[in-house]
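Colleague: I've got a model open on my screen and I'd like to learn how to read it. Could you walk me through a feature or two?

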Amino acid sequence: MSNNLCISISDHRGTSHYLINHFKKRYLALFLLLLSAILIGGSYSIYALYQQTLFSSSQLDLLNVEAEQLTESLSEESAANQALTQQLEDKNAALALLAQRVDDVETILGLQNENGEEVTLEQRIDSAAISSAVRGTLFRLIPNGSPTPGIRMSSGFGSRVHPVTGKRKYHRGLDFAANTGTPIYAPADGVVEAVRPSNKGSGNFIKLNHSLGFATTYSHMSKFKIKRGQFVRKGDLLGMSGNTGLSTGPHLHYEIRFLGRALNPRSFVTWTPENFDSLFEKEKTVQWAALLEMISNVVSMQVQLTRAPEQLTSIDTASTQTVSTDKQKL
Ligand SMILES: [Zn+2]
């Protein structure tokens, strides 16, 4: 019996005894040993896994912090990138606008090559050489635009039967169908040569003397707003249109004279910076090439004078050079 192991298990039904002999005991011991090994191994594995989990968790926390930092810096970068993109878009828009304006200026200055064709006049006058300053000066000195803006022309320049006398007579001006009281504006800078009230012929009459041999007259007016000898600038109010003198109805009779000779005002009335060459093409009476050369010289001299004092010593030489260059062009 000493080699046998007795195991007693008691419960409410009584006690059961199990006898385990030597052979079985060895197996049991082996089994218990194996079980212990498994339990110890398992516990260690669980412990190791637990430690690993703890480590992984802390690693995960670190990674999360890093990810947050990265997200933050990414959003900062993204915002900076957006700002840069916006700046770039703004610059592009500004550049496009500038290009458009350069285009417009070129169109106004007539610098664009139209199918490579050149008008005879353009062979004499190098449009590209005429600076915008020269053009600006011309549009102040030479009558341009309508003296009664927005009012239609009712009678043109040339031979016609006079509406009052019934006789064929040369109509030396343009008539504008302006109601009495319509404001009349100076079409260029000038000086008032005559303010003449009258009930006959031209009626109440104004004559402006402009530069370079040009003069303009205004007939049948109702009111004067200027006096003889007064200097006026383009756009200044001269008076109001009316129906005085030999007139069938309220209108403005407008004349442009060059050295006393009446020219067709139509090409001057329709003359704008957009059709700069049109006046020179239509009106052949004036020696435009010489006139433009003179204005170019005056303007270039003014440009020289506005430069720094130390540059003034070179004016004489520069002016002489400008004149000779322009002469070659014209
Ligand atoms: Zn008339």
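This is a predicted model: local features need pLDDT of at least 70, side-chain atom pairs count only at pLDDT 80 or more; totals for chains, interfaces and linings use all residues.

Colleague: Which residues are the protein donors of the zinc ion?

Modeller: H171 through NE2, D175 through two OD entries, and H253 through ND1, lying 2.0 to 2.8 Å from the zinc ion. H171 is buried too, with a relative accessible area of 4%.

Colleague: What arrangement do the four donor atoms make?

Modeller: An irregular one, because the angles they subtend run from 52 to 153 degrees. For four donors to count as tetrahedral, all angles would have to lie between 85 and 135 degrees.

Colleague: How are the donor residues spaced in sequence?

Modeller: The pattern is H-x3-D-x77-H. H171 sits in strand β5 and H253 in strand β13, so the pair ties together parts that are 82 residues apart in sequence.

Colleague: Now for the core. What's the general idea?

Modeller: In soluble globular proteins, nonpolar side chains tend to be buried together. Here, the largest nonpolar core has 35 residues, and L138, I142, F214, Y218, L238 and W288 touch the most other members.

Colleague: Which element gives the largest share of this core?

Modeller: That's α6, with five residues. Domain 1 and domain 2 each supply at least three residues to this core.

Colleague: And what is F214 in contact with?

Modeller: Leaving aside neighbours within four places in sequence, its contacts include I142, I256, F258, W288 and L291.

How values were computed
Residues are numbered from 1 along each chain as its sequence is written. Side-chain values use heavy atoms; hydrogens and water are left out. Donors are N, O and S atoms within 2.8 Å of the metal (3.2 Å for Na, K and Ca); water is not among the atoms, so sites may look incomplete. Four donors count as tetrahedral if all angles lie between 85 and 135 degrees; four count as square planar and six as octahedral if opposite donors are over 155 degrees apart and all others between 65 and 115; anything else is irregular. Helices (H or I, at least four residues) and strands (E, at least two) are DSSP runs, numbered from the N terminus. Buried means under 20% relative accessible area, exposed over 50%, partly exposed in between (1.4 Å probe, protein chains only). A nonpolar core is a set of buried Ala, Val, Leu, Ile, Met, Phe, Trp, Tyr and Cys residues joined through side-chain atoms within 4.5 Å. Domain bounds come from an automatic or database domain assignment. Contact means heavy atoms within 4.5 Å.
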